[in-house]
Structure formats: C-alpha cells, structure tokens
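Please consult the sequence and structure shown below alongside the text.

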Amino acid sequence: MKRFVSFFLTVLTALNLNAQTPKYLDNNAPMEERIEDALSRMTLHEKISMLHAQSKFTSAGVPRLGIRQLNMDDGPHGCREELEWNTWSPAKWTNDYVVAFPSLTCLAATWNPDMSALYGNAISEEFAFRGKDVLLGPGVNMARTPLNGRAFEYMGEDPVLASEMVVPYIQHVQQNGVACCLKHFVLNDQETDRFRVNVNVSERALREIYLRPFEMAVKKAKTWSMMGSYNLWQNVHCCHNDALLNGILKKEWGWDGALVSDWGGTTNTQEAIYGGLDIEMGTYTDGKLRESEFTYDDYYLAKPFEQLVKDGKVPMSVLDEKVRRVLRLIFRTAMNPKKVIGNQCSEAHYEVCRQIGEEGIVLLKNEKLLPLEPAAVQGKRILVVGENATRSLTQGGGSSELKTLRDISPLEAIQQMYAGCTVMHAQGYVSGRAVYDRVDRINADENKRLHDEAVRMAREADFVIYVGGLNKNHGQDCENGDREGYNLSFGQNELIADLAAVQKNIVVVTFGGNPYAMPWLRKVPALLHCWYLGSEAGSALAGVLSGKVNPSGKLPVTFAQRLEDYSSMRFGAEGYPGTNKQVHYKEGIFMGYRWFDLPKAAQQNFLKSEHAQDLTAVGQPLFPFGFGLSYTTFRYGKPTISATGDYGWTVTVDVTNTGQRAGKEVVQLYVGRKDKSGVARPVKELKYFTKVSLQPGNTKQVNLFIRRDDLSYWDEKTHGWNIEPGTYNAYVCASSTDVRGVVSFKY
Ligand code: BGC
C-alpha cells in the first residue's frame, strides 16, 4: 500500500511538473525543440540583446524567462582575472587567482593527445568553478613566421599536429559543460596590422594548411563556439565574412555552433547581419576610440539591427537563425545540468601543469652534460644566470595573461633540487619589467654591469645554468605586435657566448613561443627549450635538468638558422608583414618543414618562379620540425605496411629503447608521392604520430595509420579534395629529417 501511494505521488508530481515546466527548460526534451520553444516566447528586443555584449566578457540571456547569460573569459592557458564590467581594468577581486597551464605551443611539443585531454579537463574545471561558460581558446593559427607575437598561444606549423592536439583539448573542456571558443578563424598568423591586413592566400594553402585544424575541430571535436579573426580575407573582415562563415564553416562543414567576434572585430552592420556573425563582442562604438555610456546598445548588432528588423528591412528569419545558435550555446553550457562544479588551484591541477610542462620541454642539444643528477654534483657551485630564472612569465603577453596564486620559478626549483650545492644567481641582463618597456629604452650601463658580473661569477662556478630566451613584453611574445627580430634581445647572444667562453659546463635553457637565432650554438654543450610552462615552470624544468624526468618533447616548429630561411620571409614586405594592408602568402603550401624538405634546386626554382626578393641559398634548419632528444636512445626496426580494408593502411614498426633509462619516443609517420605527381606536392607530410613509453631494453610494436583521405590534396580546378592514383611512400621518422624507414604502397 505504502509503495503504491509513493508511486502515485511520483506520477502526480511528474504530471504536475510537466504541466508547469515549459519545454525549453526541460532538460530531457530534445535540444532543437527546446530552442524553438524558447525562441517562440522571446520578444524582438530580447532576441537582439542576445547577439551582442552586455559587458566586456558577457552576453545577455533572457532574465524574464530564466535563460542564463553567457560568461566568457580568456583563454587559452588558464582563466583570466575578472575585469570591470565595462572596462579593461582589473576588477581587483581576491577570489580569481588561478593555475597557469603551459602555453599551447608547449602542449603541442608533447606530441601527446593524452596531455591535451588532461589539459582540457583541468582548465575547464577552473573555468567552471569561476562561473564561466565559454573559454576563449584554444588557438590553432599556424606558425607561418617566427616573428608572430602570438605564436605561443597556438600549436605550431603543422595542421595535422595541431588538429590531433586540439581535438582532445576541446572534447575534454566541453565534456565538463564549458564551451571552447576556438580562435582566430582564420589566417590571423601575424599581429602586425592585425586589425586591417587582408590575407591573400591560395585556395589550396588555405584548405590544406590554415583551415585544416579548424575543420578537424569542427568535425571531430564539435567545438561549440568559434571566434572570428580581426584580419580580412577576400577583403572582408573574418568576423563577418559570408564566404568563410556561412559558405565554408556553417554550410559546407555543417557547424551548429555560435560565431563570436573577436573583441572589436565587428565593423559594419550589414556584414554583421549577413556575414555569419552570431555574437558581437568588444566593439568600441565611437570610431573604436572610446566607449559611450550606453555602449552596448550602440553595437552593430544592437539597435541598428533591431531597427532594420522593425522596419521590415531584415527578415525575422535572419535574426532567428542567430538566436538559435546562441540558445544552443547557452543550453550546452550555462544551463547544462551536467556542467561540473569544478575547482580552482587544486593540487591535481598543479600536477597536470607540471606533467604537461615536463613532456613539452625539448632537449635540443646534449654533449654528455645533462642530466645533472643532484647526487653527482653534490657540493658543487651552480650559477644560475638570466632574467627568466626569476621572472614571472605568466604575466604579460596580452589577453592570455593570468593572475596566479603561486608559481615556482626556475631559480627556486633549482635551489630546491640542488639543495646539496651552492646555488648562486646573476641576472645577466635586464629586459624591462613593464610590458611596454622596449629594448632601446633599457639602460645600457645597467645591462653591461649585469653582463660583466655574470661572466665573472661564471668563471668561479662549476656549472652555469643559463635561463633566458623571450618574454611576454611588447616586441617579444606579446599580442598586438610582432617580435622585433629573430635574435634574442637584451644582449643575450653576446652574454651566452661570453659565458660559454669562460665556462664549458653550461646548460642553456630558453623560454619562448617561437624559434630564434643561435649564433652561439656550437659553443654550448647543452640546450633545452621550454616554451612557457605556467605555474609549475621551475619544477618541470628542474625535473628535466636533474634527470628525474627524461625529456620527450619534440619541436612543433622548425628552428631555422636565419629569419630569411623561412619561406614566408623571402618575399619582402609583400610576403610579411604586408604592404598597403595586403599580405601575400606567396610560399603557398611550402611553409614550415614542407619548405625546408624541398631539395635545394626545387627551392631555387620555386623562389625564381614566384619572384622572390631574396634568392640566396636556404640554410639547413638548426633543428627540424619534430626534433627532440632524450637521455636514452631508440632503435627503429624495419617498417612493414598492410592494407586495412576500406580504411587505408597500417604501418608497423618495432621501436626499442637501447639506452639506460626509461623514456618516451614520438614516432612520426609522413606520407609523400613516390612517383611523379600531376601537381606540386611537398616531399612528405605528417599524417600520424604516436608516443610510446619504453623501459630500457624494451621493444614495442608500434602501429601507425594512414587513411585514404590522408593522400588527398585540394584541387583548385574542381574546388574539392582529390586523390591521385599512384605510388606513395610512408616515411617512419624520429623527426621530419630523421627518416628511420620507408615503405611504399599503391593507391
Ligand atoms: C584577442 C582575443 C581575446 C579577446 C578578449 C582580443 O584582443 O585577440 O584572442 O580573446 O581580445 O580578451
């Protein structure tokens, strides 16, 4: 009887609820029905208010209907501090201290999609706990030039590496009920002139390289939102570019997410209405110089749009199409019952941060100096030189700047790791602390004093650990401006050379999101590149220096000898950074290792045929794409290949750890034509990679997969993907230039 009554009551409650709960609030109803229901209840003004900002980082919901607003925040390395409602000034809250995760370039350097999954999960827990719905990131613009001030926020020069690494990041963020806002769509590959430069790029390079990671993020990870870029393509701003956003993204790729403008990237109402933009953010309404009091009503997609609909000049269906996308985003995030509560600054997050940092550090050179095992150097004098040993690299750099609760610096971590040694520090050089300090304003006398002091101390030490590189100041790795040059600044080239002249036991450690020149390379026995490592920078570095961790990162970008060796830098200002607001990607698909791989004669022919300004021979890279050393060594067996049904092919190879330490190796598979192709093609292109973990003496069989589609190229005649029948080579590689085995196959 009792049971019956309780069942009866449950049924009654359910019926009752059903009667009261409108469909749009019913989490069990199909998403599209909820959207239509909500839409049918909204006034014109409510619809309009969803399509633009209501503060610096939020867009409105519908308070009357209990539809939540969207809380957005940068992105992409941690949850940015709270800013004032209407300004860029910090709100000075005391509960918004976070963990800074490693830069996305570092994540890419792990070549380990499991690290992306850990990253996505941890960062979104911080966002969720801070009450955020949309994470403004990650970024997958391509490293076309090493001068790009924002390369550290992206995932390197190769579209397959970036795709494979970005997909799990997005999946694991969104799994927690937080949306990714993938940026910057598309061709935002430089910061110089970013608001007005129009990018001229061949259809083929656009498809094969620049759009590719975005396409994979849409198709495989189903990113819920995306950010349009500031620059133009086909002379139309990418935030409301009909051909790009409606044509490719929404129609061709079938994307159902919401397109968010970059902050201040909207410039015109007609284009904003018809060009595929859904949410307008960050607009300065008065000629982009200042904001008026009622700034949000003055947005292009606010009153002007509302009036056009009222006057019947724009059909309601155009407005509804945008509102649907925004409602979908809200239901997926702010009103998602599965959204996690998350947590902030948990030990687990610091652990993830350290682990990713350790796997992303790349050992570039080691002549038997590393690791410096603490027991072996007990009692020795270690001199740490360089500003980055103590400088906070989570600060500066633009919108990715983070307010961290605690960071461990390289110096602190080295002091802890080598507690049995005398650890000294010399700053060595000064870069200026404020973001806008420029190198030419830095006191030369002060720099000379620091230089001389460091060299003097280096003579007396047993080991020097140099910790320098780039930083997050304007003119270095920083948004809204590119790097001032390819060399390290602040007199570091001279300093490193002078230190190496007096101290043979020198380890050079550099931070930075970009490659740089190394005129001193031959003089130093050991070199580590660390990108930016976030809150656990010091501990990740000390782990690798000491051998507690065996380095396993590989380069996501080519380190060339000279700036002019990059193909994008061969065409004068036209090729970079552009003239008369036009930049031409004349190198086409021959960017990054695709360029360095070409035989010398082919490089020359290409340069001549494209009328390059600089025809001098291209130098061998200092370190090629995909390169990275370990404290152990790996032997590759002879690869074999077999067809796998409709799918494609499987390449199998044995990899053996032939050294004394456990280690991880990134096995890379590139594919290229063996016979002649009817179109220009790179010698080989990365198609698959996997990271294997091996104990000393251990062998593992590694399977690498090639899908049929991996053979395709973008055919500019048919405007589609095309596969040429013929013979192909599959190259099993340890880096883009270290080919360990080749097998050929036919299609
Ligand atoms: C940047 C975006 C960023 C936005 C909000 C813009 O200037 O380009 O990447 O998300 O500001 O801070």
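The points that follow cover confidence, domains, helix contacts and backbone geometry.

The model is predicted, and its mean pLDDT is 95. The domain assignment divides the protein into four numbered domains, from domain 1 (42–332) to domain 4 (634–746). Helix α5 (residues 113–129) comes within 7 Å of helix α6 (residues 159–174), axis to axis, and within 10 Å of helix α13 (residues 347–360).

**Confidence**

- A pLDDT of 70 or more is reached by 95% of the residues of the protein.
- Among the elements, the lowest mean pLDDT, 54, belongs to helix α1 (residues 2–20).
- Strand β10 (residues 362–366) has the highest mean pLDDT of the elements, at 99.

**Domains**

- The assignment places domain 1 at 42–332, domain 2 at 361–546, domain 3 at 563–609 and domain 4 at 634–746.
- Between the C-alpha centres of domain 1 and domain 3 the distance is 30 Å.
- The contact between these two domains involves 25 residues of domain 1 and 20 residues of domain 3.

**Helix α5 with helix α6**

- The axes of α5 and α6 come within 7 Å and cross at roughly 30 degrees.
- Because angles under 35 degrees count as roughly parallel, α5 is roughly parallel to α6.
- The crossing of α5 past α6 is right-handed.
- On the α5 side, the contact is formed by P113, S116, A117, Y119, G120, N121, I123 and S124.
- On the α6 side, the partners are E164, M165, P168, Y169, H172 and V173.
- By class, the residues of this contact of α5 with α6 comprise eight nonpolar, five polar and one charged.

**Helix α5 with helix α13**

- The axes of α5 and α13 approach within 10 Å, with a crossing angle of roughly 145 degrees.
- The crossing of α5 and α13 is left-handed.
- From α5, the residues in contact are M115, L118, Y119, A122, E125 and E126.
- From α13, H349, V352, Q355, I356 and E359 take part.
- The contact of α5 with α13 contains six nonpolar, two polar and three charged residues.
- Y119 of α5 is listed in the contact with α6 and also in the contact with α13.

**Helix α2 with helix α12**

- Helix α2 (residues 31–41) and helix α12 (residues 316–332) have axes that come within 10 Å and cross at roughly 120 degrees.
- That angle makes α2 oblique to α12.
- α2 passes α12 in a right-handed crossing.
- M31, E32, R34, I35, E36, A38 and L39 are the α2 residues of the contact.
- They meet D320, V323, R324, L327, R328, F331 and R332 of α12.
- The residues of this contact of α2 with α12 divide into seven nonpolar and seven charged, with no polar residue.

**Cis peptide bonds**

- Most peptide bonds are trans.
- The bond joining G75 and P76 is cis, with omega about -15 degrees.
- P76 is located in the loop between β2 (70–74) and α4 (104–110).
- From G137 to P138 the peptide bond is also cis, and its omega is near 0 degrees.
- The loop that holds P138 runs between β3 (134–136) and α6.

**Positive phi**

- Most residues other than glycine have a negative phi.
- Q234, a residue other than glycine, has a positive phi near 55 degrees.
- The position of Q234 is the loop between β7 (232–233) and β8 (236–237).
- W531, which is not a glycine, has a positive phi of about 55 degrees.
- W531 belongs to the loop between β15 (526–529) and α17 (537–546).

Key. Residues are numbered from 1 along each chain as its sequence is written. This is a predicted model: local features need pLDDT of at least 70, side-chain atom pairs count only at pLDDT 80 or more; totals for chains, interfaces and linings use all residues. Side-chain values use heavy atoms; hydrogens and water are left out. pLDDT is the predictor's confidence in each residue, from 0 to 100. Helices (H or I, at least four residues) and strands (E, at least two) are DSSP runs, numbered from the N terminus. Axes are lines fitted to C-alpha atoms, for helices over the stretch in contact, and angles run from 0 to 180 degrees between N-to-C directions. Angles under 35 degrees count as roughly parallel, over 145 as roughly antiparallel, 65 to 115 as roughly perpendicular and the rest as oblique. A crossing is left-handed if the near helix is turned anticlockwise from the far one by less than a right angle, and right-handed if clockwise. Contact means heavy atoms within 4.5 Å. Ala, Val, Leu, Ile, Met, Phe, Trp, Tyr, Cys and Pro count as nonpolar, Asp, Glu, Lys and Arg as charged, and the others, Gly among them, as polar. Domain bounds come from an automatic or database domain assignment.
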